[in-house]
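I opened this entry to record what I looked up, one item after another.

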Amino acid sequence: MVSIVKDKRPVNLDIGTMRLPITAWASITHRASGVFLFVGTAILMWMLDASLKSPESFAALQECLSGPVAKLVIWAVVSGLIYHSLAGIKHLIMDFGIGETMEGGVMGARIVFALSVVLILIAGAWIW
Amino acid sequence: MVRSVTSFGRSGLSDWLVQRVSAVIILAWFMCIGGTLMGGVDYTQWKTIFDGTSMRVFTLLAILSLAAHAWIGMWAVGTDYLTERLMGPRGNVLRLAYQIGCSLVIFVYVIWGIQILWG
C-alpha cells in the first residue's frame, strides 16, 4: 500500500503548549483530587481512630477540629471528596452511553465543576 | 494476553469494572457517614454505631474497596507520567519505587482500619 500522507508533515505532541479544553481540565483535576485523597485518607483514618478509641480521645479530637487550621484541612479533604465523587458519577453516567459526544462531554464537565463549587461552599458553611 | 504485571486485575477491562464497583461502595459509605455526622453525634452514639457488626463489615468493605480503587488509580497515574518515554531510564526506577510506596501505604491503611474496627 502506498501512503499518500506526507511523512514529513509537522507533528506537535507537546501537550504543555496546548490550550486544554474543559474536558481535559475535568480529567486532570479528577486525577489530582484522587492522588490528594490517597494522602488525605491518612487524616480521615486518624480521625476515625481518635473518634472511636475512648471518650477522652473523642473529646480531644473535637477540640482539635475546632481550630481554624484543622477546619481548613478538613474542608480541603471534603472538597476533594466532593469533586472526585461528582466527577466519578459523571464517569458512571457516561459509561451508560449518556453524554459521550464532544458537546455532552463539555456539558458534563461544566455541570460537575458548577455543582462542585456549590457543594464545596455548602460544606465550608457547615464546617464553620 | 497479559501486557502488564502490575495492574490490579492484570487486565484493563477487569480494572475498569473493579474501579467502578469499588467507587460505588466507597461513595455509599461516605454518604452514610456524612448523613450520620450531619445529624450530630456524641461519643456513645458514634461508638454504638461502630460496635455493630453490620457497620464494621460495611466499613471493612469500604476500606478494602479503597485499597483496590487507590491501587488502580495510583497505578494509572504512575504508568502515565513516571515512564521511560517522559523521563528516560530513571522513569522505570522511579515508577517501581512509587509503586512500592503506594502498596506499602495501602497495606498500612488496611491494617490500621482492621485495628480501628476490631482493636
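I looked up polar contacts across the interface of chain A and chain B in this predicted model, and the rule finds nine residue pairs, both residues being at pLDDT 80 or more. I then asked which elements of chain A give two or more residues to the side that touches chain B. They are H1, helix H2 (55–65) and helix H3 (68–95) of chain A. H1(A) gives the most to that side, with 14 residues. By class, I noted 15 nonpolar, six polar and four charged residues on the side of chain A that touches chain B.

Next I looked up salt bridges. The rule finds two across the interface of chain A and chain B. I wrote down the one between Arg31(A) and Asp80(B), where the closest N and O atoms are 2.8 Å apart.

Then I turned to the extent of the contact. I counted 25 residues from chain A and 28 residues from chain B in it. The size of an interface is often given as the accessible area lost when the parts come together. For chain A and chain B I have about 2400 Å² buried between them, with 75% of it on carbon and sulfur atoms. Which residues of chain A lose the most area to chain B? They are Arg31(A), Phe38(A) and Leu52(A), which together make up 31% of what that side buries.

New item: the second largest pocket. I noted about 330 Å³ of space in it. Its lining draws on both chains, and among the lining residues I found Leu13(A), Ile15(A), Ser27(A), Tyr81(B) and Leu86(B). Arg31(A) and Asp80(B) also line this pocket, and I had already listed these two as salt bridge partners. Helix H1 (22–53) of chain A, helix H3 (53–81) of chain B and helix H4 (84–87) of chain B each supply at least two residues of the lining. The largest share, four residues, comes from H1(A). I sorted the lining by class and got seven nonpolar, one polar and three charged residues.

Last item: Arg56(B). I placed Arg56(B) in helix H3 of chain B, a helix that also supplies residues to the lining of the second largest pocket. What does the side chain of Arg56(B) reach at 3.2 Å? I found the backbone oxygen of Leu117(B) there. Leaving out residues up to four places away in sequence, I listed Phe50(B), Asp51(B), Leu117(B) and Trp118(B) as the residues Arg56(B) touches.

Terms used:
Residues numbered from 1 in each chain as written. Chains lettered and ligands numbered in written order. Predicted model: local features only at pLDDT ≥ 70, side-chain atom pairs only at ≥ 80, totals over all residues. Heavy atoms only, no water. 1 Å grid on protein atoms, 1.4 Å probe; cavity = no way out; pocket = protein on both sides within 12 Å on 5 of 7 lines; lining within 4 Å. Points joined across faces, edges and corners; volume = space filled by probe spheres on them. Nonpolar A, V, L, I, M, F, W, Y, C, P; charged D, E, K, R; others polar. Contact = heavy atoms within 4.5 Å. Buried area = accessible area lost by both parts, 1.4 Å probe. Salt bridge = Lys/Arg side-chain N within 4 Å of Asp/Glu carboxyl O. Polar contact = N/O pair within 3.5 Å; in protein donor to acceptor, adjacent residues only side chain to side chain.
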